[in-house]
Each structure stands twice: as C-alpha cells, then as structure tokens.
Amino acid sequence: MQVYLIGMMMNAFAVGHVLPSLDKGPFAVVNNACCLVVSVIVSIAGVNRFGLIGGALGSVFTFAISELWALSVVARALGMGAHQLLAWNALWPTVLGTCIAIGGVFTITGAMIGSVFLILLIKSGIYLALFSSCFILAGGRKHLGLLTGRYQWTTP
C-alpha cells in the first residue's frame, strides 16, 4: 500500500498528459510502450527478489521514469528548464504530507493482526488523518483554495 501511495504522490508532478496538446503524441506512445516493457521486466524481477512489494516497486519506479522522460520533452517543447515547470511551493505540502502519512501508517499498524478489510480500513483512516493534517499545516489550505477558486493566482 505504501508503495502505491508514493506513486499517487508522483501524480502531482505528472506532466505526461499534456504531451498530445504539444503535438508530442507519437512520443507519448513510444514513452508508454517503452515504460510498459520496462515495468513488466522490473516488476517480474522485483516479485522474484522481494515478493509482492517488489512488483509494486517495479510499476511505481517505471511510472517515475516515464514522467521524468515526459517532463524533459515538455520542457524542451516549451523552451524552459524542467525545474521551472513545477510549482514547487505548491507541491511540497503534498510531498511532506505523503511522507509523514506513510511513515505514520507503517509505524502505527506494523504489527496489526486481524481481518484484512478491517486493517485496510484502519490504515486508510490513519493515512487520511495524517496526510490531511500535515498538508493543511504545511500551507496546503491556501493551495486548495486556489484550486477551488476561493483565492486568485497572483504572479510576482
């Protein structure tokens, strides 16, 4: 579960979805095909070496490679540095919240025994509580307001 939560956090950095609008559709197809092959190979190797978590690591690792590759192509197409494409001040609350929530879930529920569904429900609740708290304390409330239209974006 923690591995896929890291993958979901990386979605905040994802830029691959804008490739077709930049007339980079053929690259998107090649990127997805290459990463699919790499994902299968790495996931199978991960399962053989580390079990189920290795398979999850393979797919999340490949997603990161795919998005980094897409980020470099989008940056080149727009004529700017890759670091300039990401709103780091808006993304750090998500990264901080995810890291603390994953660590908290792992620490609190490490030795739980019982119904799998109940354990998953408890882990999800703990994750949501920790992530929301950290996200809001790190200034994420302002960014949520910007997304929902409560505040207006200002340019420096």
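Me: What share of the accessible surface of the protein chain belongs to carbon and sulfur atoms?
Reply: The model is predicted; local features need pLDDT of at least 70 and side-chain atom pairs count only at pLDDT 80 or more, while totals for chains, interfaces and linings use all residues. Residues are numbered from 1 along each chain as its sequence is written, and side-chain values use heavy atoms, leaving out hydrogens and water. Areas come from the Shrake-Rupley method with a 1.4 Å probe, and for residues only the protein chains shown count as cover. The accessible surface comes to about 10000 Å², and the share of carbon and sulfur atoms is 72%.

Me: In which helix is confidence lowest?
Reply: Confidence is given as pLDDT, the predictor's value for each residue from 0 to 100. Helices are DSSP runs of H or I with at least four residues, numbered from the N terminus. The mean pLDDT of the protein chain is 77; helix H2 (residues 25–50) is highest at 88, and the lowest mean, 63, is in helix H1 (residues 2–10).

Me: Is Ile41 buried or exposed?
Reply: Ile41 lies in helix H2. Buried means under 20% relative accessible area, exposed over 50%, and partly exposed in between (1.4 Å probe, protein chains only). Because its relative accessible area is 54%, Ile41 is exposed.

Me: How far does helix H3 reach from its first C-alpha to its last?
Reply: The expected span of a helix is 1.5 Å times one less than its number of residues. Helix H3 (residues 52–78) has 27 residues, with 39 Å expected, and its reach is close to that, at 39 Å.

Key:
Helix = DSSP H or I, 4+ residues; strand = E, 2+ residues; numbered from the N terminus.
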